[in-house]
Amino acid sequence: MLRKLLFRQAPRAYRFLSTQSTLPLLSKCSVFSYCSSSRPEIPPSNSIEQLEDQPTNTISIDRSGLYSPPEHSHEPSSDSELVKHLKGIIKFRGGPISVAEYMEEVLTNPKAGFYINRDVFGAEGDFITSPEVSQMFGEMVGVWAMCLWEQMGQPKRVNLVELGPGRGTLMADLLRGASKFKNFTESLHIHMVECSPALQKLQHQSLKCMDEENTSDGVDKRSLSTLAGTPVSWHATLEQVPFGLPTIIIAHEFYDALPVHQFQRGSRGWCEKMIDVTEDSSFHFVLSPQPTPATLYLMKRCKWAVPKEVEKLNQIEVCPKAMDLTSTLAKRIGVDGGGALIIDYGLNGVVSDSLQAIRKHKFVNILDYPGSADLSAYVDFASIKHSAEEASDDVSVHGPITQSQFLGSLGINFRVEALLQNCTDEQAEALRTGYWRLVGDGEAPFWEGPEEQVPIGMGTRYMAMAIVNKKQGIPIPFQ
């Protein structure tokens, strides 16, 4: 997906891209790190001799020079099921896989993906997201959704969609905060786009859903959130969300978990970084010896960039799924009305080498123990903007602005002051800490606790962008 409010973790150093006036021809490039494993060779002098003294003609083969594989062991392999699966893909193809394919398998493999069978959020998980920091985040997103709904003309029926809802904390806080605004909540049908069965169960609990038998409309079961009396449905993909209604889409820390392709500049052009298996059966990076299908997206991204932005870069990340998802969002919003809010960490420009792995709130090697750490990459907000504008003439794109600006303009300062009026000392400390993490910059100056747990402000490292139907005007707070 914020990934991540890391306690006392220094910000990762990301390269800010520079680029050349024209993109080099994407032809075959020399491979600096491409290592092909070679099997032990069979000596050319294998001898075959006929034994003439035998009553029947037989052939004896001298196998002393042949490669003898180790005897099969019934001892369990130390490789996890996901590692075996990844190595199986590489072996079946006879060559390396892209970083994007590796990332997708690691995060969403149906049997062993990082997100699929566990709760990875919160202090006990691997990372903390904004909704887990404070209820105020979900409340402010709810304010934005209600303001957009008003700009849409207060339609009687609206799809409220969240992509990658995690535990469901953001949506739960949104509904609690909006529960007094009956006209708004009664218009909503909530759609949670989530591929993990484990997280779907957590979301069901967070929204305090009740399942009702409902055979009259041909649907076996329907869920109702008791937080605001709103119907809730779950889908594996956005395409499964019904069309034909105005739609408000929330994508908080969703884009950063979409798989990225990495390219490295070589002497004869750009080569895609791939992942292969070494002779000692470990994973390592190699370079593709020729252009790959993702090269088309690299060419598109470089076409959008200012020439000097790419000129000095040695590495570039592109995210085809982010481009395609944005195109889908924009077309839907252009036809049905509504808007999308995207909040994530990233850059308003070309992204270089940003892919990272986080396990138990610490950075780890990307290739170590696949499936045990979260993988995420900086979001390219400029690419999102271009993708939306190319997909539909009926939408406008606003931002990005910093998360601090976004939450501040929606009234988080007033909200924290109101909450501080009626709370215990412990609650007050939690509110101040959560507020700083959401809108602050760097270490909290008021912190008096353990140094390794000092709150790190993410207000300037996260950004917000909105895509809306042009008929609705400029959304709050992007004016």
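Reader: How many bridges join strand 15 to strand 16?
Author: Three, in this predicted model. Strand 15 covers residues 356-359, and the two strands run antiparallel. As one of the pairs, Ala357 has Val364 in strand 16 as its bridge partner.

Reader: And which strands form the open sheet, in what order?
Author: Three strands, in the order 16-15-17, with antiparallel pairing. Strand 16 (362-364) and strand 17 (374-376) are at the edges with a single partner strand each, so one side of each has no neighbour in the sheet. From one strand to the next, the twist averages 40 degrees.

Reader: What holds strands of a sheet together, anyway?
Author: They pair through backbone hydrogen bonds, either parallel or antiparallel.

Reader: Switching topic: is Arg265 buried or exposed?
Author: Buried, and it has no salt bridge. Glu311, the nearest side chain of opposite charge, is 8.1 Å away. Arg265 lies in strand 10 (residues 261-266).

Reader: Ok, what does the side chain of Arg265 reach, then?
Author: The backbone oxygen of Val310, at 3.1 Å. The backbone oxygen of Leu313 is also 2.9 Å from a polar atom of that side chain.

Reader: Where is there a cis peptide bond?
Author: One joins Ile476 and Pro477, with omega about -5 degrees. The bond from Gly399 to Pro400 is cis too, with omega near 10 degrees, and Pro400 lies in strand 19 (residues 395-402).

Methods: Residues numbered from 1 in each chain as written. Predicted model: local features only at pLDDT ≥ 70, side-chain atom pairs only at ≥ 80, totals over all residues. Heavy atoms only, no water. Pairing = 2+ DSSP bridges. Helix = DSSP H or I, 4+ residues; strand = E, 2+ residues; numbered from the N terminus. Axes fitted to C-alpha atoms, helices over the stretch in contact; angles between N-to-C directions. Buried < 20%, exposed > 50% of the residue type's maximum accessible area, 1.4 Å probe, protein only. Lys, Arg positive; Asp, Glu negative; His and termini not counted. Salt bridge = Lys/Arg side-chain N within 4 Å of Asp/Glu carboxyl O. Polar contact = N/O pair within 3.5 Å; in protein donor to acceptor, adjacent residues only side chain to side chain.
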